[in-house]
Amino acid sequence: MTAGTSRLTWAQLRDLKCAELEGAADGWGKASNRADAGRDRIEKQLLNGLRETQQGAAADAAVSRLRQLGRNLQYVYTECGLVRTALNSLAHEMKAQQRALRDALDDAAALRFTVHADGSVTYPEAGEGLVDGKPLAGGTASVGAAPGLLPPSGLVAPNPNTAKAQDIADRVAKAVRTAAEVDWRFARILRNLKAEEGLTVPDRTWTDAAGDAAAVRAAARGYLKSGIPYEAGPAARREWWAGLTDEQREEYLAVYPDLIGNLDGIPALIRDTANRDNLQLLIGKLEGQDGDRAETQLAGLREIDRQLQAGRRSGEPPMYLLGIGDEGNGRAIVSFGNPDTSRNVATYVPGLNTSLDKEFAEGDLKRARDTAIGARYYDSSSAAIVWLGYDAPQSPDGLDSLDVIGDERAERGGGSFNGFMGGLSATNENENPHMTTIGHSYGSRTVGAATQQGGGIPGVDDIVLVGSPGVGVDRAEDLGVSKDHVFVGAAENDVVTKLPSKQQSAVGAVGWAAAGPVGSLLLGEVADQGDDDLWFGRDPASRAFGARRFQVDEGPQLVSSEGVSLDAHSRYFDPTRDAVSANNIALVAAGRPEKIKSEEYR
């Protein structure tokens, strides 16, 4: 059947048993669930047991085979889930057309009209002639015709049944035509939902799976997508998810892992499950694209995938993928420790030049992991998250970017960050969890922007600012918590914490635009007249700002015999390169701020 050439009749549409389509969908759903259970057993039991009890080449080969089998079962889970939803969506849309047809047929029966097999409608005589007063003759309304609807001559009135019959004929035809189009559309989708022959699932198959998912998502938008409460708050989203049946949850996870996995207010375990599946679809999608952007993001996704796979076997603290996407410069939210069950949850916002790439997947994830490990030393019920949920300013040469001196990205990112933190507050199971927000570099400006929007950052108790060029406010208490709950780390040789203010002189601005990062900073030191102003407001490490400054290592100098180095800006979280700073951050994250080592104000 092709669109526009359907031989479907209204009788066939009326008699279509949509329950049989739904029954077939249930069968595919069971197959999907079995594949998911098999994958789960491989990853959580077999691989762990094998690694713990066996070593050597044979064990490594067995692990490789099991991982491949788990990947294959993940593909089976995804494709069977897509078939299920395609069939349920088909039944959903066919039922809508059956209802429209039934309403038209019921109207015809009530009026004693006859609906013929071809969709035409015969109606009886009615009304009366203007001349002789006799009833006007009946007739037959056919699809596309409009008999009796021309303006009367003044001598003959139209049969009042004519327009009613035409309306019924048109409604019957529309229901049949729409049902035929639905049938054609889903037949094409279902024909494409097939795997390659054999027992392996090569990488290119995931590229095909990404296309399959996109097709089913588009087709199921009225069946599933329209039910997602985008406009609701995090707490309402949590209740919406809790109120779904198991079958509904399974379908959302199979077809819309990208939406469910990134929806604030959905529990962390569910987001992790959805995002791990969406990660494979994203990898498949980007493998089918050319260009530097796709290649860069693909490298980041693969490294996150590698760590997730390794974490299944030996991860402590365990990893949870709370967000993933390829929009903009990429999105990734990774938690070390379960943020729903932990009493202490710290969320780190990275800054300048952060994007979804291998450097982020290796470096920024490590910062969150190091923070989680440090916090768990003081309180085992602790988790730390890296949140790349916005487009941080980018520049190919470090600080040489006009984007970094603007507030727009911080303002947009601050709104998104508040949504995420609202989700954490809604899903955390503790009565009074301790929430910490950590902003590094431009990320501290994003945190500052978040505090000024919509009542501040939901649930936050403590704020940590490291490597900050200013946060957009001049006093710690303006960040929505008391100044005793704002903590600042600023390395002596971290030039980002000494950027001259916009008002100090034109020299700083010229340096940004023309002299490059080193030139602007050196010129800025000359332009700085000793006040507490930085590029984004008052220096958070100053006495006037009023936060609690903690000790950090001074870091390597900007210019030395070994050349130019900005390394002092990137050491705050590293327990090897700056143990005192990493420990102070961990103490705040664990709710032990009384133990931090303080530093004098600038």
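Predicted model: local features only at pLDDT ≥ 70, side-chain atom pairs only at ≥ 80, totals over all residues.
The eight-stranded sheet of the model is open, its pairing is mixed, and its strands follow the order β4-β5-β7-β6-β8-β9-β10-β13. Its edges are formed by β4 (319–325) and β13 (548–549), each of which pairs on one side only. Within this sheet, strand β6, spanning residues 344–349, and strand β7, spanning residues 382–388, run in the parallel sense and are joined over five bridges; Val345 has Ala383 of β7 as its bridge partner. Two helices that pack on the sheet may be described together. Helix α13 (residues 442–451) touches β6, β8 (434–440) and β9 (460–466), and the direction of α13 makes about 130° with that of β8. Helix α15 (residues 579–589) likewise packs on the sheet, where it touches β6, β8, β9 and β10 (486–489), and the direction of α15 makes about 145° with that of β8.

A further open sheet consists of three strands, arranged in the order β1-β2-β3 with antiparallel pairing. Because β1 (114–115) and β3 (139–141) are the edge strands and each has a single partner strand, one side of each is left without a neighbour in the sheet. The pairing of β1 with strand β2 (residues 121–123) is antiparallel and extends over two bridges, and Thr122 in β2 is the bridge partner of Thr114. Helix α4 (residues 160–192) packs on this sheet through contacts with β2 and β3, and its direction makes about 165° with that of β2.

Among the helices, α3 (residues 57–110) and α7 (residues 246–255) pack with their axes 9 Å apart and at an angle of about 115°, in a crossing that is left-handed. On the α3 side the contact is made by Tyr77, Gly81, Leu82, Arg84, Thr85 and Asn88, whereas α7 contributes Glu250, Glu251, Leu253, Ala254 and Val255. By class, the residues of this contact comprise five nonpolar, three polar and three charged.

Rolling a probe the size of a water molecule over the atoms shows where empty space is left. Across the whole structure, the search finds three cavities of 30 Å³ or more, and the second largest cavity holds about 60 Å³ of space. The lining of the second largest cavity consists of Gly265, Ile266, Ala268, Arg271, Leu322, Pro339, Asp340, Phe420, Gly423, Leu424 and Thr427. At least two residues of this lining are supplied by each of α9 (268–287) and α12 (408–427), and the largest share, four residues, comes from α12. In terms of residue class, the lining of the second largest cavity has six nonpolar, three polar and two charged residues.

Note on methods:
Residues numbered from 1 in each chain as written. Heavy atoms only, no water. Axes fitted to C-alpha atoms, helices over the stretch in contact; angles between N-to-C directions. Left-handed = near helix turned anticlockwise from the far one by under 90°. Contact = heavy atoms within 4.5 Å. Nonpolar A, V, L, I, M, F, W, Y, C, P; charged D, E, K, R; others polar. 1 Å grid on protein atoms, 1.4 Å probe; cavity = no way out; pocket = protein on both sides within 12 Å on 5 of 7 lines; lining within 4 Å. Points joined across faces, edges and corners; volume = space filled by probe spheres on them. Pairing = 2+ DSSP bridges.
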